[in-house]
Amino acid sequence: MAYFKDAQQVYDTIGRLFLELAEDEELAARFRKANTIVRYDYSEPDSVITVRLQEGEPGDVDFGETEMDPEVTMSMKADVAHRFWLGEVNVTMAIARGEIKPQGPVAKILKLVPLTKPLFPRYKAMLERQGRADLINV
């Protein structure tokens with residue numbers, strides 16, 4: 001059974017994490033060094049989150065349709081994304097198994113992965129604040 005019943009639940013959890021990241025000046029500055037725009041294309045349920053991670057630009061986060069032109073696209077089931085933000089997915093293995101399908105410059109994609117680790121505990125804490133402990137021990 002999927003963790004999210006609809007796109008709004010994806011936006012309320014994973015999307016909220018990106019919004020909080022954009023508001024945190026210290027973390028946002030580190031992510032902007034990736035100097036790219038990333039589209040996270042999720043399925044089951046279908047949902048899209050696009051994030052601007054460019055130096056000297058605002059940390060825009062769009063849900064659904066956007067005017068931003070992504071350089072990198074990461075496609076996966078929303079459940080894989082959720083488990084990733086819990087720190088339970090090895091990106092290299094997930095790509096090898098076809099669970100995550102990256103598109104775009106490999107160097108940009110590889111630059112993003114180590115930046116995400118500090119967000120794992122933050123995602124768990126956010127789920128707890130939202131009363132979604134059911135999503136933590138999956």
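Mentor: A nonpolar core is a set of buried Ala, Val, Leu, Ile, Met, Phe, Trp, Tyr and Cys residues joined through side-chain atoms within 4.5 Å, where buried means under 20% relative accessible area, exposed means over 50% and partly exposed lies in between, with a 1.4 Å probe and protein chains only. The structure is a predicted model, in which local features need pLDDT of at least 70, side-chain atom pairs count only at pLDDT 80 or more, and totals for chains, interfaces and linings use all residues. Residues are numbered from 1 along each chain as its sequence is written, and side-chain values use heavy atoms, with hydrogens and water left out.

Trainee: Which residues touch the most other members of the largest nonpolar core?

Mentor: That core has 40 residues, and Ile14, Phe18, Tyr42, Ile49, Trp85 and Tyr123 touch the most other members. Its largest share, 6 residues, comes from helix α1 (residues 7–23); helices (H or I, at least four residues) and strands (E, at least two) are DSSP runs numbered from the N terminus. Leaving aside neighbours within four places in sequence, phenylalanine 18 is in contact with Tyr40, Tyr42, Ile49, Val51, Val61 and Trp85, contact meaning heavy atoms within 4.5 Å.

Trainee: How do you know that tryptophan 85 counts as buried?

Mentor: Its relative accessibility is 3%, and the cut-off for buried is under 20%, so the term applies. Phenylalanine 84, at 11%, counts as buried too.

Trainee: What makes the pair of phenylalanine 84 and tryptophan 85 edge-to-face?

Mentor: Rings of Phe, Tyr and Trp (its six-membered ring) pair if their centres lie within 6.5 Å, and planes under 30 degrees apart count as stacked, over 60 as edge-to-face and the rest as tilted. Here the centres are 4.9 Å apart and the planes stand at 80°, so the pair is edge-to-face. The structure holds 7 aromatic pairs, and one aromatic cluster is formed by Phe18, Tyr40, Tyr42, Phe84, Trp85 and Phe120.

Trainee: Why is helix α3 called roughly perpendicular to α6?

Mentor: The axes of α3 (residues 78–85) and α6 (residues 119–129) come within 8 Å and cross at roughly 110°. Axes are lines fitted to C-alpha atoms, for helices over the stretch in contact, and angles run from 0 to 180 degrees between N-to-C directions. Angles under 35 degrees count as roughly parallel, over 145 as roughly antiparallel, 65 to 115 as roughly perpendicular and the rest as oblique, and therefore α3 is roughly perpendicular to α6. The contact is made by His82, Phe84 and Trp85 of α3 together with Leu119, Phe120, Tyr123 and Leu127 of α6.

Trainee: What makes the side chains of lysine 77 and glutamate 44 a salt bridge?

Mentor: A salt bridge needs a side-chain nitrogen of Lys or Arg within 4 Å of a carboxyl oxygen of Asp or Glu, and for lysine 77 and glutamate 44 the N to O value is 3.9 Å. This pair links distant parts of the chain, because lysine 77 is in strand β4 (residues 72–77) and glutamate 44 in the loop between β1 (36–43) and β2 (47–53), 33 residues apart. Lysine 77, at 41%, counts as partly exposed, as does glutamate 44 at 48%.
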